[in-house]
Amino acid sequence: MGDDVTVRPATADDLDALRGVARRAWEAAYANTFDPATIDELLARGYADEVLEELVDADDAALLVAVDEDVIGYAGAVEADEEPAADLNVYVDPDRWGQGVGTQLLAATRERLGGRGVERVSDYVLAENEVGNAFYADHFDRVDERQVEIDGETHDANVYEAPLG
């Protein structure tokens with residue numbers, strides 16, 4: 001990854017580009033898992049204006065974007081209510097997979113959350129998402145498995161966790 005990539009807090013002006021990254025990543029990672037209508041529905045719910053705007057403004061969340069000329073990735077983390085932990089999501093445009101963008105986003109997110117007293121981050125990745133599992137396996141410990149229901153179907157997922165210290 002070159003010096004042309006910058007990680008910074010997301011703004012309201014980044015949200016459409018962030019949605020584009022999410023769409024391309026979901027379509028590439030889950031093309032054989034979900035039909036296009038299911039992906040559309042999941043993206044509409046998870047990336048609605050009110051959801052993303054709340055993350056941009058929340059004191060207990062971090063929404064960062066990786067930018068070269070355009071937004072090419074993002075990381076979102078929301079702190080847990082009852083413990084010093086945060087749920088994390090990292091997505092990178094498929095054209096930039098394997099170039100260190102996700103690693104840079106993860107490092108910046110960990111730094112930001114660590115300054116707030118968060119001790120660990122976690123996420124789950126559907127077993128079908130080979131790219132996502134490879135990324136998390138490189139940076140996290142796989143601590144559990146679970147099942148997730150999406151659109152009336154049950155999917156296996158791997159649970160990953162990493163300390164911030």
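Which helix does L42 lie in? L42 belongs to helix α2, residues 36–46, where helices are DSSP runs of H or I with at least four residues, strands are runs of E with at least two, and both are numbered from the N terminus. Keep in mind that this is a predicted model, where local features need pLDDT of at least 70, side-chain atom pairs count only at pLDDT 80 or more, and totals for chains, interfaces and linings use all residues. Residues are numbered from 1 along each chain as its sequence is written, and side-chain values use heavy atoms, leaving out hydrogens and water.

**Around L42**
- L42 counts as buried because its relative accessibility is 16% (buried is under 20% relative accessible area, exposed over 50%, partly exposed in between, with a 1.4 Å probe and protein chains only).
- Leaving aside residues up to four places away in sequence, L42 touches W26 and I150 (contact means heavy atoms within 4.5 Å).

**The cores**
- The largest nonpolar core has 28 residues, and W26, Y47 and Y74 have the most contacts inside it (such a core is a set of buried Ala, Val, Leu, Ile, Met, Phe, Trp, Tyr and Cys residues joined through side-chain atoms within 4.5 Å).
- Its largest share, seven residues, comes from α1.
- Another core, of 24 residues, lies apart from it, with A62, A75, V101 and Y160 among them.

**A charge over a ring**
- R146 has its charged end over the ring of Y124, 4.2 Å from the ring's centre (the rule asks for NZ of Lys or CZ of Arg within 6 Å of the ring centre and within 35 degrees of the ring normal).
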